[in-house]
Amino acid sequence: MKFHYLLVYSLFFVFLTGACKQKPASFASELTPAPYSKYYSKANGKSGAELKTILSEIIGNPNVISYSEIWKAFEKTDLKPNGSIWDMYSDIPDRKSKYTFYANKKRCGNYRQEGDCYNREHSVPRSWFRNAEPMHSDLFHIYPTDGYVNNRRGNLPFGEVGIFSWESSNGSRIGQNTFGNYNQTVFEPIDEYKGDFARTYFYMVTAYEDQVATWRSAQIGGNKYPAINSWALDMFLKWHREDPVSEKEQKRNEAVFLIQNNRNPFIDYPELAEYVWGNKKKQPFNLKKN
């Protein structure tokens, strides 16, 4: 009998160990059977600027919460499995970060250095759209980040840095841009989250298509389509392709949907970026094939 129980236990342990070692899915199709075809049905057969406009009609006018409620919303949208705040400016994938934040603890406040507190980062700087609502409170582009790093970034565009003037503890950098024909100072997040920010920008210029022409920056705004300056569009498409949609993004998309009642289509159907701006912008998007 002891041998029988030992054998059963051993087999269970082997099964459990194997299950724990399974690699998490990286693409939406691996996690769900793309259940939002009805939500995006109007986008079927469209491409380029027309597709962007249809998507704007689908996801625009979100039911954003107040800016003060975002602190509480982070507990649903931006927690790691261990309960800590998922800060893309301090997180070091597969390694322990230098410091960790927890919900309701170390909200900024004052800060002097990294790790002092976390705040609400507008990944699309609010000065670009003059603090106007609903952009100012749209959770899809507001993330919890280290207050000191957020302040160092300020309203700098995202870019790719060569020689850097400053580096955060997780490797995010500030320095002169080396991508395309833009050579001013930029902020570069780590590779793990470049796709996240690219899809965030795709969402923002799409959801607010009727307003984006009035935004002013070196990166986005100034026109309805493409709404992203050429150097930045090439870079964001590159980031989007090299850093595919993660399980983190999918879960956040679901959580924000429950709050704002709209979605980020470039997370649900990553290929949409190609049909709007990329190498398929002259081909009709076909939901039945995606």
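Reader: How do you know at what angle the axes of H6 and H9 cross, and within what distance they come?

Author: In this predicted model, the axes of H6 and H9 come within 11 Å and cross at roughly 35°. The crossing in which H6 passes H9 is right-handed.

Reader: What makes this a contact of H6 with H9, and which residues take part?

Author: Contact means heavy atoms within 4.5 Å. On the side of H6 the contact is made by Gly-195, Asp-196, Arg-199 and Tyr-203, and on the side of H9 by Lys-248, Glu-249 and Gln-260. By kind, the residues of this contact divide into one nonpolar, two polar and four charged.

Reader: What makes up the lining of the largest cavity, and which helix gives the most to it?

Author: The lining consists of Phe-140, Tyr-143, Asp-196, Thr-200, Lys-248, Glu-249, Arg-252, Asn-253, Asn-264 and Ile-267. The elements that give two or more residues to it are helix H6 (194-207) and helix H9 (247-260), and H9 gives the most, with four residues. These lining residues divide into three nonpolar, three polar and four charged.

Reader: Which residues that line the largest pocket are the closest to its centre?

Author: Of the 33 residues that line the largest pocket, those closest to its centre are Lys-80, Pro-81, Trp-86, Tyr-193 and Lys-248. Helix H4 (70-77) and H9 are the elements that give two or more residues to this lining, and the largest share, four residues, comes from H9. The lining of the pocket divides into 11 nonpolar, eight polar and 14 charged residues.

Reader: Why are S3 and S5 said to stand at the edges of the sheet?

Author: Three strands form an open sheet in the order S3-S4-S5, with antiparallel pairing. Strand S3 (161-167) and strand S5 (185-188) each have a single partner strand, so one side of each is left without a neighbour in the sheet. From one strand to the next, the twist averages 40°.

Reader: How do you know that S4 and S5 count as a pair?

Author: Two strands pair if there are at least two bridges between them. Strand S4 (residues 173-177) and S5 have four bridges, in the antiparallel sense, and therefore count as a pair. Gln-176 stands opposite Thr-185 in S5.

Conventions:
Residues are numbered from 1 along each chain as its sequence is written. This is a predicted model: local features need pLDDT of at least 70, side-chain atom pairs count only at pLDDT 80 or more; totals for chains, interfaces and linings use all residues. Side-chain values use heavy atoms; hydrogens and water are left out. On a 1 Å grid over the protein atoms alone, a cavity is a set of points where a 1.4 Å probe fits but cannot get out, and a pocket is an open set with protein on both sides within 12 Å along at least five of seven lines; lining residues have an atom within 4 Å of a point. Ala, Val, Leu, Ile, Met, Phe, Trp, Tyr, Cys and Pro count as nonpolar, Asp, Glu, Lys and Arg as charged, and the others, Gly among them, as polar. Axes are lines fitted to C-alpha atoms, for helices over the stretch in contact, and angles run from 0 to 180 degrees between N-to-C directions. A crossing is left-handed if the near helix is turned anticlockwise from the far one by less than a right angle, and right-handed if clockwise.
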